[in-house]
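Student: I would like to go through this model with you and ask, for each label, what value stands behind it.

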Amino acid sequence: MRDAVDAVMDAWRRERPDVDIWPVGVVGRIQRLARLLEAEVQDFFRRHGLDNSEADVLTTLRRSGEPYELTPGQLVKASMVTSGAITKRIDRMVAKDLVERVPDTADRRTVRIRLTAHGRRTIDDLFALHIANEARLLQALDRDRADELADSLRTLLQSLGDTSLT
C-alpha cells in the first residue's frame, strides 16, 4: 500500500533521476508521523483540559520522584524548549494550581517547580489513559515490530546527539 511519501519520492525520481532520494522515505515519514502523532496526543490532552506543554511538565515532574520538583533549568533540559517558554508554561500552570514555585532550601536564589496535590492527581488520573491512547496509535504494529522500531529510532537519536537527560 502506498502513502503520501511514495508520491513525493515518485515525483523526485521523475524530476531528479540523478539523485538517490532514499532518505526521503525515512525522514519524510518520520516528519509526517511526528505531526500526526503530535496532533493526536494534543487532542487527547485538550479533551482533559491540558495542552501538550502542560502535560510534558506534569509528566516530567511526576517521574522525577518525590518531592516531584525540579528547577526551571532541569525542565528546560527535559523538554528541549527555551527558558522563556518554560516560564510561560509555569505561569499558566501556577494559575491552574497544577504546580507551584518554591524556594530552594539550599540556595535562596533558586526556585524549584513542584507539583501541587491537584497537579499530581491530574497526571495520575490521566497517565494510564495517555499510555492506552499511545498504544492505540501504534496498533498497526505488533509488539516485536514496535520494539524494533523503538531500537532503530534510539540509534538514530543517539547518532544525532540526543542522549540521556541526566
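Student: Leaving aside its neighbours within four places in sequence, which residues is Phe45 in contact with?

Tutor: Contact means heavy atoms within 4.5 Å, and with neighbours within four places left aside, Phe45 is in contact with Leu50, Asp51, Asn52, Ala55, Leu126 and His130. This is a predicted model, in which local features need pLDDT of at least 70 and side-chain atom pairs count only at pLDDT 80 or more, while totals for chains, interfaces and linings use all residues. Residues are numbered from 1 along each chain as its sequence is written, and side-chain values use heavy atoms, with hydrogens and water left out.

Student: What makes Phe45 part of a nonpolar core?

Tutor: A nonpolar core is a set of buried Ala, Val, Leu, Ile, Met, Phe, Trp, Tyr and Cys residues joined through side-chain atoms within 4.5 Å, where buried means under 20% relative accessible area, exposed over 50%, and partly exposed in between, with a 1.4 Å probe and protein chains only. The largest such core has 20 residues, and Phe45 is among those that touch the most other members, together with Val57, Leu58, Leu61, Leu75, Ile90 and Val99. Helix α3 gives the most to this core, with four residues; helices here are DSSP runs of H or I with at least four residues, strands are runs of E with at least two, and both are numbered from the N terminus.

Student: Why is Arg89 called buried?

Tutor: Its relative accessibility is 11%, and the limit for buried is under 20%, so Arg89 counts as buried. Arg89 is found in helix α5 and is in contact with residues including Asp56 and Val57.

Student: Why is Tyr68 buried, whereas Asp97 is partly exposed?

Tutor: Tyr68 has a relative accessible area of 10% and is therefore buried, whereas the 41% of Asp97 makes that residue partly exposed. Phi of Tyr68 is near 60°, and phi of Asp97 is near 60° too, each a positive value in a residue other than glycine. Most residues other than glycine have a negative phi.

Student: How many helices and strands does the chain have, and why is the chain called more spread out than a compact globule?

Tutor: There are seven helices and three strands. The radius of gyration, taken over C-alpha atoms, is 20 Å, well over the 15 Å that the globule rule gives for 166 residues, so the chain is more spread out than a compact globule. That rule is 2.2 Å times the number of residues to the power 0.38.
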